[in-house]
Amino acid sequence: MTTPSPDATAPLLVTREGGVCTLTLNRPAALNSFTAAMHALLLPALEAAAADPQVKVVVITGAGRGFCAGQDLNDPAMAGAPGAAPDVGGVVERYYRPLANRVRTMPVPVVAAVNGVAAGAGANLALCCDIVLAARSASFIQAFSKIGLVPDCGGTWLLPRLVGRAHALALAMTGDKLPAEEAARIGLIWRCVDDAAFAAEVQALAGRMAAMPARALAETRRLVDAATTLEFDAALVAEARTQGALGAAHDFAEGVAAFRDKRAPVFSDR
Ligand code: T3D
């Protein structure tokens, strides 16, 4: 099933094809930078996808030549009261913290399809996702330092875990543009593919993920993140506990039955 967005000029386009829900950031003239209007659509769209049992995977991408250039630095809705300094902390609390937390706790896998430049909170929104697939012409920029800010939308947590302290600090402090190929090489993202193959690769990946057991994948993310602060044996305990719950659920029985029957499994747990 395809659900076209009711308004192709809206700052967020939402489509669903089968189990794949695609959220397209849609302000191409400003490289899909975040406005209050876009935030007002994005978080509810993620909530709706999380609540919809038909959705098996969420893909986040951008319209036009960019993925997302972070906060729209011209959005009047983000400006402070006249004569007062902008409430940047308030903006981060109101929009970026809930957004990052929502992506990291989705009950289905989330794929970032990074079609072009991803800067500031746009880069870190991508890094919040479970799998980041980029077009070769895309790039990643921790643009914050250039305007006197620190990485937000999870950047301080994500960067050192993905690429280690040395790369994390260099990327964040210089604000240099990191080409997608180099991002893949240092482990910031999963992989990059040629631009000509990008759309087909995204579709193939999303289709594969949509056929996977969503609950097991969401639990995998949760355990991998939790394990970063656990002793080895505590991680083993968490694995056993989660395996116990999953082993008693539908998808495990279905997966084993499908294996024995030599047929494709039909997973449904969330
Ligand atoms: O309240 C808060 O601010 C808190 C939240 C902070 C979170 C953050 O994300 S802070 C970081 C904000 N983002 C940036 O600082 C990135 C700014 N953009 C750039 O540095 C460059 O645009 C890029 C390196 C991303 C791309 O460069 P390039 O040369 O490919 O494109 P361009 O010509 O700079 O941009 C194209 C258009 O998009 C241009 O508009 P124009 O001149 O054609 O009318 C440009 O102004 C617009 N644009 C790009 N980024 C933003 C933007 N407009 C508003 N806000 C942007 N962030």
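**Notebook: the ligand and the cores**

I started with arginine 65. One of its polar side-chain atoms lies 2.9 Å from an oxygen atom of the ligand. I noted that this is a predicted model.

Next I looked for backbone partners. A backbone N or O atom of glutamine 71 lies 2.8 Å from a nitrogen atom of the ligand. At alanine 29, a polar backbone atom is 3.4 Å from a ligand oxygen atom. How much of the ligand's accessible area does the protein cover? On its own the ligand has 1,000 Å², and the protein covers 64% of that.

Then I looked up the shell around the ligand. I found 23 residues there. Arg65, Ala69, Gln71, Leu73 and Ala121 are the closest. By class, I listed 15 nonpolar, five polar and three charged residues. Which elements give two or more residues to this shell? They are helix H2 (88-104) and strand S6 (117-119). H2 gives the largest share, three residues.

I moved on to the nonpolar cores. In soluble globular proteins, nonpolar side chains tend to be buried together. Here the largest nonpolar core has 56 residues. Phe34, Val58, Val103, Val114, Phe140 and Leu188 have the most contacts inside it. Helix H1 (residues 36-51) supplies the largest share of this core, seven residues.

Last, I noted another core, apart from the largest one. This other core has 15 residues, including Val59, Ile131, Ala135 and Phe198.

Note on methods: Residues are numbered from 1 along each chain as its sequence is written. This is a predicted model: local features need pLDDT of at least 70, side-chain atom pairs count only at pLDDT 80 or more; totals for chains, interfaces and linings use all residues. Side-chain values use heavy atoms; hydrogens and water are left out. A residue is near a molecule or strand if one of its heavy atoms lies within 4 Å of it. A polar contact is a pair of N or O atoms within 3.5 Å; within protein, one must be able to donate a hydrogen and the other to accept it, and residues adjacent in sequence count only if both atoms are side-chain atoms. Accessible areas come from the Shrake-Rupley method with a 1.4 Å probe; for residues, only the protein chains shown count as cover. Helices (H or I, at least four residues) and strands (E, at least two) are DSSP runs, numbered from the N terminus. Ala, Val, Leu, Ile, Met, Phe, Trp, Tyr, Cys and Pro count as nonpolar, Asp, Glu, Lys and Arg as charged, and the others, Gly among them, as polar. A nonpolar core is a set of buried Ala, Val, Leu, Ile, Met, Phe, Trp, Tyr and Cys residues joined through side-chain atoms within 4.5 Å. Buried means under 20% relative accessible area, exposed over 50%, partly exposed in between (1.4 Å probe, protein chains only).
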